[in-house]
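Hi,

Here is the structure I promised to send over.

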Amino acid sequence: MIFKVFWIIRAIFNKPFFGQLKLPSYLGRPVYIKGASNIFIGRKVRIFPNIRLETHFHGKIVIKDNVGIAQNVHITAMGDLEIGEGSTILANVYITDIKHCYTEIGKPILDQPLIYESTKIGSNCFVGIGACIQAGTVLGNQCIVGANSVVKGNFPDNCVIAGVPAKIIKRYDSESGSWVKIK
């Protein structure tokens, strides 16, 4: 527990470099950050070691209040990428709003343009270990993403998403107060 005190102190020292870093939030170490002035971190955000936060071409990452982000997470943005309040991101997750163009045959993909597609994670979402949230994904509120899922598309509130490619496997039924499997 004492290590978290050092992580809070670390956040205090790094606060001037961020677009916003509200306390009490903390940053585990090591951490890789590119474009800190375009990263906005709310209150009570818990970021564990080996986070990689990158903004490109004036992109912006907004992490709302009370978010937990586990180890080895990579988040990269070219536009406005948002993680909603109360969400939990488990270890080894990749979240992006950037795609690589590959239309020019014979030209290396890294020499082709990048494409931005809006990506947003709603409030109170849970992203399982090893998931990949691809560019153009919008998760509604209270979505659950299964471990190792590859997610692309728009998903409504209150659903469980899993698989490669990910699809809705359960929805919350407010009448019965339970999660119902999708056939």
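Strand 17 (residues 132–133) and strand 20 run parallel and are paired through 2 bridges. Within that pairing, Cys132 sits opposite Val150 of strand 20. Before I go on, a word on the ground rules: this is a predicted model, where local features need pLDDT of at least 70 and side-chain atom pairs count only at pLDDT 80 or more, while totals for chains, interfaces and linings use all residues. Residues are numbered from 1 along each chain as its sequence is written, and side-chain values use heavy atoms, with hydrogens and water left out.

Strands here are DSSP runs of E with at least two residues, helices are runs of H or I with at least four, and both are numbered from the N terminus. Two strands count as paired if DSSP finds at least two bridges between them.

Thr55 has Ala77 in strand 9 as its bridge partner. Strand 9 in turn runs parallel to strand 12 (residues 94–96), with 3 bridges between them, and there Ile75 stands opposite Ile95 of strand 12.

**The mixed sheet**

There is also an open sheet of 9 strands, this one with mixed pairing and the order 2-5-8-11-16-19-22-23-24. Its edges are strand 2 (26–27) and strand 24 (178–181); each has a single partner strand, so one side of each has no neighbour in the sheet. One of its parallel pairs is strand 19 (residues 144–145) with strand 22 (residues 159–163), joined by 2 bridges.

**The chain as a whole**

How many helices and strands does the chain have? The count is 1 helix and 24 strands. The radius of gyration (taken over C-alpha atoms) is 17 Å, close to the 16 Å from the globule rule for 183 residues, so the chain is as compact as a globular protein of that length. That rule is 2.2 Å times the number of residues to the power 0.38. The C-alpha trace spans about 50 × 50 × 20 Å along its principal axes.

Of the 183 residues, 40% count as buried; buried means under 20% relative accessible area, exposed over 50%, and partly exposed in between (1.4 Å probe, protein chains only). Among contacts (heavy atoms within 4.5 Å) with a separation of 6 or more, 15% are between residues 24 or more positions apart. The chain exposes about 9,700 Å², with carbon and sulfur atoms supplying 57% of it; accessible areas come from the Shrake-Rupley method with a 1.4 Å probe.

On charge, there are 21 positive and 12 negative side chains, and the centres of the two sets lie 7 Å apart. Lys and Arg count as positive and Asp and Glu as negative, leaving out His and the chain ends. Each charge is placed at NZ of Lys, CZ of Arg, CG of Asp or CD of Glu.

Most residues other than glycine have a negative phi, and most peptide bonds are trans. With that in mind, a few places are worth a look. The bond from Leu23 to Pro24 is cis, with omega near 5°, and Pro24 is in the loop between strand 1 (20–21) and strand 2. Arg29 and Pro30 are also joined by a cis peptide bond, with omega about 5°; Pro30 lies in the loop between strand 2 and strand 3.

Phe57 has a phi near 50°, positive in a residue other than glycine. Phe57 is in the loop between strand 6 (51–55) and strand 7 (60–63), and at 62% relative accessibility it counts as exposed. Asn158 is not a glycine either, yet has a positive phi of about 55°. Asn158 falls in the loop between strand 21 (154–155) and strand 22, and its 31% relative accessibility makes it partly exposed.

Lastly, Gly177 is in the loop between strand 23 (166–173) and strand 24 and is partly exposed at 44% relative accessibility. Its C-alpha atom is 36 Å from that of Leu23, 154 residues away along the chain.

Cheers
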